[in-house]
Amino acid sequence: MLEVRELSCVRDERVLFEDLSFTLSSGDLVQIEGPNGAGKTTLLRIIAGLGLAESGNVLWDGELVSKAREEFYGNLLFLGHSTGVKREMTAFENLAFYQRMHGEADEDSLWEALARVGLAGREDVPAAQLSAGQNRRVALARLWISQSKLWILDEPLTAIDKQGVKVLENLFQHHVNHGGMVLFTTHQDMFEGNSKLRRIRLGV
Ligand SMILES: Nc1ncnc2c1ncn2[C@@H]1O[C@H](COP(=O)(O)OP(=O)(O)OP(=O)(O)O)[C@@H](O)[C@H]1O
């Protein structure tokens, strides 16, 4: 379980959020929403340990994340604005590189993941020669091979077309149905009318 406890954050002398508390348990699908500059990215980065809050804590299974780093990072897939896709490497090499760092090598799963994100036939193209949306798809392919329970995804739909959004909705749903948790931001419509989605609004 992820527990955000009384987090407060100030940037540029502006309070982005104060005493913010919420939890994510297995099966939870949570969207952080709010206007540009509300603090969504800042919040996700703090939770992932990439930024500092003025006060408050983030806990994983009851332990401070700062003290349970191995358990937390072993269960976390974080995808931010900057995806870490290497331009000089092909789509396949990028995903293989990610897999080598995070788990057992399994080539078949890489081909399958790239096909799932619509990159079949483009696997051997260097990322530099792929479109913005295809580059984002290379990064998103990680979700198909991920063994992490908690997905924290900042604007995963950037540059993704309507068909891709549907595919991701199904994937998120599948992940939470199998005990995972997804915490994400998006400015696009996603999970419209889906009662499973919980929204937390910043900047109100
Ligand atoms: N490192 C930083 N130093 C100073 N100010 C920062 C820093 N990072 C973010 N900010 C400020 O914090 C505010 C929130 O930024 P953030 O990127 O979290 O917003 P957001 O809700 O994700 O916005 P968007 O919808 O545009 O992506 C902005 O006003 C931004 O200028």
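Strand β3 (residues 29-33) and strand β8 (residues 181-185) run parallel and are joined by three bridges. This is a predicted model: local features need pLDDT of at least 70, side-chain atom pairs count only at pLDDT 80 or more, and totals for chains, interfaces and linings use all residues. Residues are numbered from 1 along each chain as its sequence is written. Helices (H or I, at least four residues) and strands (E, at least two) are DSSP runs, numbered from the N terminus.

**The sheet**

- Leu 29 stands opposite Val 182 in β8.
- Five strands form an open sheet, with parallel pairing, in the order β6-β7-β8-β3-β9. Two strands pair if DSSP finds at least two bridges between them.
- β6 (76-79) and β9 (197-201) are the edge strands, and each pairs on one side only.
- From one strand to the next, the twist averages 15°.
- Helix α7 (residues 162-177) packs on this sheet and touches β3, β7 (150-154) and β8. The direction of α7 makes about 145° with that of β8. Axes here are lines fitted to C-alpha atoms, for helices over the stretch in contact, and angles run from 0 to 180 degrees between N-to-C directions.

**Helix α1**

- The buried residues of α1 (residues 40-47) are Lys 40, Leu 43, Leu 44, Ile 46 and Ile 47. A residue is buried if 20 or more other C-beta atoms lie within 10 Å of its own, exposed if 12 or fewer, and partly exposed in between, with C-beta atoms placed from the backbone.
- Seen down the axis of α1, these buried residues fall within an arc of 160°, so they line one face of the helix. The arc is that of the directions from the helix axis to the C-beta atoms.
- Their cover includes β1, β2 (14-24), β3, β4 (55-60), β7 and β8.

**Helix α4**

- In α4 (residues 107-116), Leu 110, Ala 113 and Leu 114 are the buried residues.
- They fall within an arc of 95° seen down the axis of α4, so they line one face of the helix.
- An α-helix has 3.6 residues a turn, so residues three or four places apart point the same way.
- α3 (91-102) and α6 (142-145) are included in what covers the buried residues of α4.
- Just after α4, Gly 118 has a positive phi of about 80°.

**Glu 3**

- Glu 3 is found in strand β1 (residues 2-11).
- Glu 3 counts as partly exposed because it has 18 C-beta neighbours inside 10 Å.
- Leaving out residues up to four places away in sequence, Glu 3 touches Thr 23 and Leu 59. Two residues are in contact if their C-beta atoms, placed from the backbone, lie within 7 Å.
- From Glu 3 to Asn 170 is 167 residues in sequence and 25 Å in space, C-alpha to C-alpha.

**The whole chain**

- The chain has seven helices and nine strands.
- Its radius of gyration is 17 Å, close to the 17 Å that the globule rule gives for 204 residues, so the chain is as compact as a globular protein of that length. The radius is taken over C-alpha atoms, and the rule is 2.2 Å times the number of residues to the power 0.38.
- Along the principal axes, the C-alpha atoms fill a box of roughly 50 × 35 × 35 Å.
- Of the 204 residues in the chain, 33% are buried.
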